Amino acid sequence: MVDRNGWGRDHPVLTGSPRSPPSSFVEQANVSEPGIYEEFETEWPDCWERAAELLSWDEEYDTVLEDGNAPFYEWFASGRLNASYNCLDRHLEAGRKNHAAIRWEGKQGERRTYTYRDLYVEVNEFAAALRDLGVEEDDVVTIYLPMIPELPIAMLACARIGAPHSVVFAGLSADALVARMDAADSEYLLTCDGYYRRGDAFNQKSKVDNAQLKLEQDVQTVVVDRLGEDLPHVLGDEEYDYHDLREEFSGETVEPVSRDAEDMLFLMYTSGTTGEPKGVVHSTGGYLAHVAWTSYAVLDVKPEDTYWCAADIGWITGHSYIVYGPLALGTTTMMYEGTPDYPDRDRLWEIVDRNAVDVFYTAPTAIRAFMKWGEEFPAEHDLSSLRLLGSVGEPISPRPWNWYYEHIGNEECPVVDTWWQTETGAVTISTLPAIDDMKPGAAGPGLPGIDVRVVDGAGESVDPGDTGYLTITRPWPGIARTLYDGDDRFRAEYWERFSDPAADEWHYFSGDAARIDEDGYVTVLGRVDDVINVSGRRLSTMEIESAITDVAGVAEAAVVGRSSETNGTDVYAYVSTEGGYDDETAVREAIVDNIEAAIGPIARPEAVVFTPELPKTRSGKIMRRLLEDVANGEELGDTSALRNPEIVGEIQAEIDDE
Ligand code: 6R9
């Protein structure tokens, strides 16, 4: 239960002053009619036809929404389409074959451009090869590749023949690959020999060889030779070279398989905090319509744009906003293999400058790093091509928001803070950039047609400013259809908490805590499992973190609970500072003051531990669980998912010294 004295009740909402959309942006925006919210309400669910109209259908759908078997919704029922046709063929037919589809920047400075025609040719050849290997419609193909063009090519080849893909982030371990292939009963795997990590050759194939030993099923494996002479490899039984296959099927074309709108386009495993990874199932019609619509309405993508979502395709953000959304709209999508600080900290700005990028979409963790490195890096480059900036993946507090707005967007680009999840498929909460004011620190209202509610434990909407659980009433086209491991788990994970099946009332539970203000803007506070209870008061660790990161000189913060005899839990804060701030005492005092000012003395940290970096997963999420173990002097759990495992030992040493 969220009680009235509980988390966040009488605390100021940590949002900055609102900003209006820049008029230069409004004039050219894809969506600028303020009446769109009302229109979606009065015409719901038919309003979603606006999304479906962005696609080409082989057969028109009969109904927009079938909700007879909730929470297993069907969108655009009996409509038929093919995702690869929508991302490729139709752009060729529209005379845009020489338009750049993908611009790829490799780690070693390599560059490749694929026109829509080039992409079409290679997707078709690989689709023919997959068929020849025996892949049939509905067979799950696992793809375990880093950010090289063969990754989206393979996804589209799978989509072309109606074989759902399951992309496993290349940085995950052999065991993680085995777990995902087993769970999906997948007998086909596409991987590579290796890839470069800061200039060194890293062996991916040996991870796959380890995985093969543990897999029960026979697997046919296709290997992309990424490293050539830098990492010679030998192919075993049932292993094929990607380039040889392409040569064998050179020039072949494959008819796109007409898929039912509800047929599975792909499977994406996402780790829950505990237990088995969840295989989130996405549909062909609803998913594609929703990602195309949000790319159009929220990210303002236009066919003539160079658009860059600097995420990894191994996660949902890359699926929806590097591959399917932008390619469905026929734009040029950038793909970057490297890291933001190699060879130098201006790498991303150099790419924006050289490619005249129009729209740039990244995560707060990256923005905080840019802020920490300093404004001189973007200042070295011409970023005036930028028109819109986006943020996704975590809450972004006002200070990094403002930094992004000023130093990257030159106060001329709207910033969209987009809240969504692997399960929602596409953006569900965000401002519409030409219509809504931006409030730094709040993602925005539910998009048109999305009914977001912040509720208490009994499912009642909380008052504006109060904290509660983030739920969504009514379905939307991109919503996950089920979990591959079973309908029961899908129902239990997302629907049981707040729905009333007897009354046929269904509310999707996101697992996040949030606040909503008088204008319906949602400030996401983080997962509910990040809530700590200090002296009977429930505090959001994210809220405390936001108060900390608002202090000048602070780059990042992670707050966890430490068991305490007196208080139940104490607030324990880990902080990394920006370069140049070496007076820890002053920063520590400012942090404590700001927490007290923003939340109250109840949230005063028991300890503030300074560290050069926070431990993070490969997708950039801070591993609070580990930090909690460190704070509580417990044995550490698994650190294999970390990008920087060495930092945990350093933090422990720092605590021991104190
Ligand atoms: C797209 C993606 C989902 C979780 C979600 C929430 C957090 C994502 C956010 C945000 C605050 C935003 N999250 N976007 N929190 N503001 N704009 O990241 O999917 O990897 O499944 O993570 O990420 O906690 O529940 P996924």
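Mentor: The axes of helix 4 (residues 83–93) and helix 11 come within 8 Å and cross at roughly 50 degrees. The model is predicted, with local features needing pLDDT of at least 70 and side-chain atom pairs pLDDT 80 or more, while totals for chains, interfaces and linings use all residues. Residues are numbered from 1 along each chain as its sequence is written, and side-chain values use heavy atoms, without hydrogens and water.

Trainee: At roughly 50 degrees, what is helix 4 to helix 11?

Mentor: The crossing of roughly 50 degrees makes helix 4 oblique to helix 11. Angles run from 0 to 180 degrees between N-to-C directions of lines fitted to C-alpha atoms, for helices over the stretch in contact; under 35 is roughly parallel, over 145 roughly antiparallel, 65 to 115 roughly perpendicular and the rest oblique. Helices are DSSP runs of H or I with at least four residues, strands of E with at least two, numbered from the N terminus.

Trainee: Now the ligand. How many residues surround the ligand?

Mentor: The ligand is surrounded by 16 residues, and the closest are Asp417, Thr418, Gln421, Thr422 and Arg527. Such a residue has a heavy atom within 4 Å.

Trainee: Which elements each supply at least two residues of that shell?

Mentor: Helix 11 (316–328), strand 20 (415–418) and strand 25 (522–527) do.

Trainee: What lies 2.7 Å from a nitrogen atom of the ligand?

Mentor: A polar side-chain atom of aspartate 417 does, a polar contact being a pair of N or O atoms within 3.5 Å. For glycine 393, a backbone N or O atom lies 3.0 Å from a ligand nitrogen atom.

Conventions
Polar contact = N/O pair within 3.5 Å; in protein donor to acceptor, adjacent residues only side chain to side chain.
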